[in-house]
Amino acid sequence: MADITNPPMEQLQDLEYCIDSNPPWVETIILAFQNYILMLGTSVMIPTLLIPAMGGSDGDKARVIQTLLFVAGINTLLQALFGTRLPAVVGGSFAYVVPIAYIISDSSLQRITNHHERFIQTMRAIQGALIVASSIQIILGYSQVWGLFSWFFSPLGMAPVVGLVGLGLFQRGFPLLGTCVEIGIPMLLLVIGLTQYLKHVRTFRDVPVFERFPVLICVTIIWIYSLILTASGAYRDKPIKTQISCRTDRANLISTAPWFMFPYPLQWGPPTFSAGHSFAMMSAVLVSMVESTAAYKAASRLAIATPPPAYVLSRGIGWQGIGILLDGLLGTGTGSSVSVENVGLLGLTRVGSRRVVQISAVFMIFFSVLGWYNPS
């Protein structure tokens, strides 16, 4: 069956920069940093959810976040240069949370009384499961078998998959808004206002700033607002849970992170292997493969590229399997897949440039190695 290709203007008529056209360098760097900021949210949220349950400290959480960002940068570069070559960001995935929670609850690990030792042993068990599970994705990808399955992934079927993944992120993220409504609601209203009602306003050199940089603008404004609330003592007498959710000085990530850390293989020690853990992780790998395939197809449309043929999808899945192998070797605490939120950002900003994603990957690697400098 021949691949169906569409002329670019029939796919998306209002895109300003497609996959092979690039904005000016200054705009490209700012857009790349915006992609990094969006990826940073997921990279912080997943370890924040899992590391305390593993017995890890704030310092352990900071190191896992740095490792996750580092591997996300490498995986994104590999995908953009050798995989599908689409402007798709590859990072930590919530699809792995359920099997990781199963590993964390293992009775043999729960019997360890020392919290740090339990964290190390749990991380090693997760690493072993990821290493074994990655083989499934590598085999299905490089053998071109996944390309055969891709014939059944029509746009009609992929659209609900992308939508469900997005709703899954909404389900995890939106309840956090209620933990600090005085920050969450202004952020929500600001994002809606910029992206839906002010997106056509051109303010600087005829550039639609509000449409092009909504995440950066909203994060900057709300962070300054939160900093003012914290410094003014608005949460001084509030419950501890409210202070942790709302204050800007309670995350302990900056104070506990090493100012320089280069993640390396087996930094948590040698992985441990269990058949039950591995089979549980394989189920998450299969789910992430479907999610990533849908995200690749969405990214190709939003970047004004022809739909990726079967062999390109297989190659991308194969390289993504290599990425999960790196997750297991370096110990990111979770597996990886294509970031649906970053794919959505392509349509939001109307910029589908591959160069933007590549520079964003450089930001991930750079800031993960330097971490957050702590002068104390």
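In this predicted model, the axes of helix 6 and helix 15 approach to within 8 Å and cross at roughly 165°. An angle over 145 degrees counts as roughly antiparallel, and helix 6 and helix 15 are therefore roughly antiparallel to each other. Their crossing is left-handed. Helix 6 covers residues 115-142, while helix 15 covers residues 310-330.

The axes of helix 14 and helix 16 come within 9 Å, with a crossing angle of roughly 15°. Because angles under 35 degrees count as roughly parallel, helix 14 is roughly parallel to helix 16. The crossing of this pair is left-handed. On the side of helix 14, the contact is made by Ala295, Ala298, Ala299 and Leu302, and on the side of helix 16 by Val340, Val343, Leu346 and Gly347. An α-helix has 3.6 residues a turn, so residues three or four places apart point the same way. Within helix 16, which spans residues 340-349, the buried residues are Val340, Asn342, Val343, Leu345, Leu346 and Thr349. Just after helix 16, Arg350 adopts a positive phi of about 60°.

The largest nonpolar core has 47 residues, of which Met54, Tyr96, Phe119 and Met281 touch the most other members. Two or more residues of this core come from each of helix 2 (25-54), helix 4 (97-104), helix 6, helix 14, helix 15 and helix 16. Apart from this core lies another, of 26 residues, including Tyr17, Leu69, Val356 and Ile359. In soluble globular proteins, nonpolar side chains tend to be buried together. What surrounds Met54, residues up to four places away in sequence not being counted? Met54 touches Ile104, His115, Arg118, Phe119, Thr122, Met123 and Ile126.

Ser292, located in helix 14, has a relative accessible area of 0% and is buried. Beyond its neighbours within four places in sequence, Ser292 is in contact with Ile317, Gln320, Ser337 and Val338. Glu27 belongs to helix 2. With a relative accessible area of 9%, Glu27 falls under the 20% cut-off and is therefore buried. When residues up to four places away in sequence are set aside, Glu27 touches Tyr17, Val207, Arg212 and Phe213. Tyr17 is also one of the residues of the 26-residue core.

The loops may be considered next, beginning with the one between helix 14 (275-302) and helix 15, where Pro308 is placed. Is Pro308 buried or exposed? Pro308 has a relative accessible area of 9% and is buried, because buried means under 20%. Its contacts, leaving aside neighbours within four places in sequence, are with Tyr296, Ser300 and Leu313. Pro308 and Tyr296 are twelve residues apart along the chain, and their C-alpha atoms are separated by 7.7 Å.

Most residues other than glycine have a negative phi, and most peptide bonds are trans. Arg85, in the loop between helix 3 (58-81) and strand 1 (90-92), has instead a positive phi near 60°. Its relative accessibility of 37% lies between the limits of 20% and 50%, so Arg85 counts as partly exposed. Gln144 occupies the loop between helix 6 and helix 7 (145-149), and its phi is likewise positive, near 70°. Gln144 is partly exposed, at 35% relative accessible area.

These local features may finally be placed within the protein as a whole. The protein contains 17 helices and two strands. Of its 376 residues, 51% are buried. Among contacts between residues at least 6 apart in sequence, 84% join residues at least 24 apart. The accessible surface comes to about 17,200 Å², and carbon and sulfur atoms account for 69% of that area.

How values were computed. Residues numbered from 1 in each chain as written. Predicted model: local features only at pLDDT ≥ 70, side-chain atom pairs only at ≥ 80, totals over all residues. Heavy atoms only, no water. Buried < 20%, exposed > 50% of the residue type's maximum accessible area, 1.4 Å probe, protein only. Helix = DSSP H or I, 4+ residues; strand = E, 2+ residues; numbered from the N terminus. Contact = heavy atoms within 4.5 Å. Areas by Shrake-Rupley, 256 points an atom, 1.4 Å probe, with all protein chains shown as cover. Core = buried A, V, L, I, M, F, W, Y, C linked by side-chain atoms within 4.5 Å. Axes fitted to C-alpha atoms, helices over the stretch in contact; angles between N-to-C directions. Parallel < 35°, antiparallel > 145°, perpendicular 65-115°, else oblique. Left-handed = near helix turned anticlockwise from the far one by under 90°.
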